[in-house]
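User: Could you take a close look at the nonpolar core of this chain and describe how it is put together, with the cut-offs you rely on?

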Amino acid sequence: MALENRRARHDYEILETYEAGIALKGTEVKSLRAGKVDFTGSFAKFEDGELYLENLYIAPYEKGSYTNVDPRRKRKLLLHRHELNKLRGKVEQKGLTLVPLKIYFNERGYAKVLLGLARGRRAYEKRREDKKEAVRRALEEW
């Protein structure tokens, strides 16, 4: 089961994608498996040479009590050092953004995040893409 950020592909032009591990605590895994995630406004940011996922909302687990953590806390993303250096260069030089596109569990049961290196779209670009999509759907129906 994958949790997808459908809004990201509308708001951003995705140039490249990267798979990263995510450091979770306790009951966050159970909430993730239950699909209790909100991607609204989430992004990845470099801090002290590490990459963190910020503003991702993972709902507190209903049956967890004191073990629940802050639902909007920063979560460390796990990438190889050379991947981090490459990403930092692209984000700083070109003014691009890292947005989470999908969260899923791999075959070994580890939580993974699909990050997209993205460039923000302007309002007129979004409208143009919406029109293209509407035409494509109309042609498929025929």
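Analyst: From the N terminus on, the elements of the chain run β-α-β-α-β-β-β-β-β-α-β-β-α, which amounts to four helices and nine strands, where helices (H or I, at least four residues) and strands (E, at least two) are DSSP runs numbered from the N terminus. This is a predicted model, in which local features need pLDDT of at least 70 and side-chain atom pairs count only at pLDDT 80 or more, while totals for chains, interfaces and linings use all residues. Residues are numbered from 1 along each chain as its sequence is written, and side-chain values use heavy atoms, with hydrogens and water left out.

Of the 142 residues of the chain, 36% count as buried, a word that here stands for under 20% relative accessible area, with exposed meaning over 50% and partly exposed in between (1.4 Å probe, protein chains only). A nonpolar core is then a set of buried Ala, Val, Leu, Ile, Met, Phe, Trp, Tyr and Cys residues joined through side-chain atoms within 4.5 Å. In soluble globular proteins, nonpolar side chains tend to be buried together.

The largest such core has 25 residues, and those with the most contacts inside it are L32, V37, L51, L77 and L87. At least two of its residues are supplied by each of strand 2 (12-22), strand 4 (43-47), strand 5 (50-54), helix 3 (81-94), strand 8 (97-105) and strand 9 (111-120), and the largest share, four residues, comes from strand 9. Leaving aside its neighbours within four places in sequence, L77 is in contact (heavy atoms within 4.5 Å) with A20, G21, I22, A44, L51, Y52, L53, V113 and L115. A second, separate core of six residues includes V99, L101, Y104 and L114. Across the chain, residues 24 or more positions apart account for 67% of the contacts with a separation of 6 or more.

One residue of helix 3 with a charged side chain also deserves attention, namely K90, which counts as buried because its relative accessibility is 18%. Beyond its neighbours within four places in sequence, K90 is in contact with E16, Y18, G95, L96 and L117. The side chain of K90 makes a polar contact with the side chain of Y18 at 3.5 Å, a polar contact being a pair of N or O atoms within 3.5 Å, of which, within protein, one must be able to donate a hydrogen and the other to accept it, and residues adjacent in sequence count only if both atoms are side-chain atoms.
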